Amino acid sequence: MSFELSKEQLMIQKMARDFARKELAPLAAERDEKHLYPADSLKKMGELGLLGMLVSEKYGGEDMGTVSYALALSEIAAACASTAVIMSVHNSICCGSIEKFGTEEQKQEFLVPMTAGEIIGAFALTEPEAGSDAQAIECSAAKQGDHYLINGTKRFITSGKNGGVTILLARTKPEGSDAITAFLITPDMPGFKVDKVEDKMGQCASDTVDLVFTDCKVPVSRVLGEEGKGFTVAMSGLDAGRIGIASLSLGLAQAAMDEAVKYAKQRKQFGQPIANFQGLQWMLADMAIDIEAARLLVLNAAAMKDRGENCTMAASMAKCFASEMANRVTGHAVQIHGGYGYIKEYPVERFYRDARILTIYEGTNQIQRHVIARELLKKGK
Ligand SMILES: Cc1cc2nc3c(=O)[nH]c(=O)nc-3n(C[C@H](O)[C@H](O)[C@H](O)COP(=O)(O)OP(=O)(O)OC[C@H]3O[C@@H](n4cnc5c(N)ncnc54)[C@H](O)[C@@H]3O)c2cc1C
């Protein structure tokens, strides 16, 4: 078993790190404060191949593999978690689902500009009354000849306002395992409206919105996959999605630890750097252990995915552990900064806020534990 990254993986990691440090980090605090969507940076990321990392070359992607994707996403997150979540939803769920289930026409129309960074993907599953219980969605799509009429509200949709295409899950039958269908929605469709824009605790440069559909007319040609197979589409992106959020957690935690180490060496109290105090050294050691454990879980899940193995349990474990780890580590980083950690001038304040959502979206950690237990009990049969 080799824990060594390949030359290519190291190159991709370095490219993403250089870009993130140069282009994203200097703007991240202002974008967070003013809620500025990172449109320019996303365009550049498209040019660098960071928005089609798992897509085949045929559609303008890089086909770099999940390990490289995880490494790059961590680097982006270390500079700007908002940009990283946009990148994660776009690559893991949207591009992946369109490549897997889309028609050739849909791939040309959406996937090619997506990999180039010309349009960003969003994924709309959650509703006001359906969060963890995704099967409870009420948004309806009634077929009328060559189109569907869509009615309902989607909640908390990342990139719902600034994205160019949204994968929407809607109910085409009142009940049954084949009741949900996936659609490709574009902002120009009559009856589609971006409604409430959420004012969040963190990751404020990424938009999170309500999408409202009122007799929204969607042509049959915009069904993604088959009618009634929407959950297959939704579930197929989940492993990569969870590896994405785990990678984001990892990068954010690493950035918080780096800041804490730097600060602990500079800040003096009792006539010496606070890094000399064992109380802080042990905190730093715990942070390093936590990060390393998460890194191994993330890379293992990614490598399993690249080998074509079932990585559902590994991906949920990585998401669950890494997101909780990021909350612990960013909390320690604030503590090591003392009062300055609570002040916006220091990046750890933002890191701490950005980390909080990680245990909630892409399936809460309670739901991840449910998935892990289900897989565990299946194995025991
Ligand atoms: C910033 C942000 C971005 C998001 N982006 C997207 C997006 O792009 N697309 C999208 O579709 N959704 C998105 N979401 C929605 C997100 O995935 C949901 O918020 C999440 O799945 C939880 O659903 P909920 O908020 O309705 O909580 P609920 O499901 O109501 O859960 C409330 C609490 O109950 C717990 N709980 C629920 N059921 C169980 C159970 N069976 N066992 C144990 N505990 C349980 C949960 O873990 C949680 O702690 C986003 C949310 C936010 C805040």
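**View 1. Length and burial of helix 3.** At 1.5 Å a residue, the 14 residues of helix 3 should span 20 Å, and the end C-alpha atoms of this helix do lie 20 Å apart, in agreement with that expectation. The model shown is predicted. Helix 3 is mostly covered, with 13 of its 14 residues buried.

**View 2. Packing of helix 3 against helix 4.** The axes of helix 3 and helix 4 (residues 81-101) approach within 6 Å and cross at roughly 155°. Because angles over 145 degrees count as roughly antiparallel, helix 3 and helix 4 are described as roughly antiparallel to each other. Helix 3 contributes Tyr69, Ala72, Leu73, Ile76, Ala77 and Ala79 to the contact, while helix 4 contributes Ala81, Thr83, Ala84, Met87, Ser88, Asn91 and Ser92. By class, this contact of helix 3 with helix 4 comprises 9 nonpolar and 4 polar residues, with no charged residues.

**View 3. Packing of helix 3 against helix 8.** Helix 3 (residues 66-79) also packs with helix 8 (residues 278-306), their axes coming within 7 Å and crossing at roughly 145°. On the helix 3 side, Thr66, Val67, Ala70 and Leu71 take part; these meet Val298, Leu299, Ala302, Ala303, Lys305 and Asp306 of helix 8. The residues of the contact of helix 3 with helix 8 divide into 7 nonpolar, 1 polar and 2 charged.

**View 4. Gly279 in helix 8.** Gly279 belongs to helix 8. With a relative accessible area of 55%, Gly279 is exposed, since the cut-off for that class is over 50%. The C-alpha atoms of Gly279 and Thr172 are separated by 58 Å, and the two residues lie 107 residues apart along the chain.

How values were computed
Residues numbered from 1 in each chain as written. Predicted model: local features only at pLDDT ≥ 70, side-chain atom pairs only at ≥ 80, totals over all residues. Heavy atoms only, no water. Axes fitted to C-alpha atoms, helices over the stretch in contact; angles between N-to-C directions. Helix = DSSP H or I, 4+ residues; strand = E, 2+ residues; numbered from the N terminus. Contact = heavy atoms within 4.5 Å. Nonpolar A, V, L, I, M, F, W, Y, C, P; charged D, E, K, R; others polar. Expected span 1.5 Å × (residues − 1). Buried < 20%, exposed > 50% of the residue type's maximum accessible area, 1.4 Å probe, protein only. Parallel < 35°, antiparallel > 145°, perpendicular 65-115°, else oblique.
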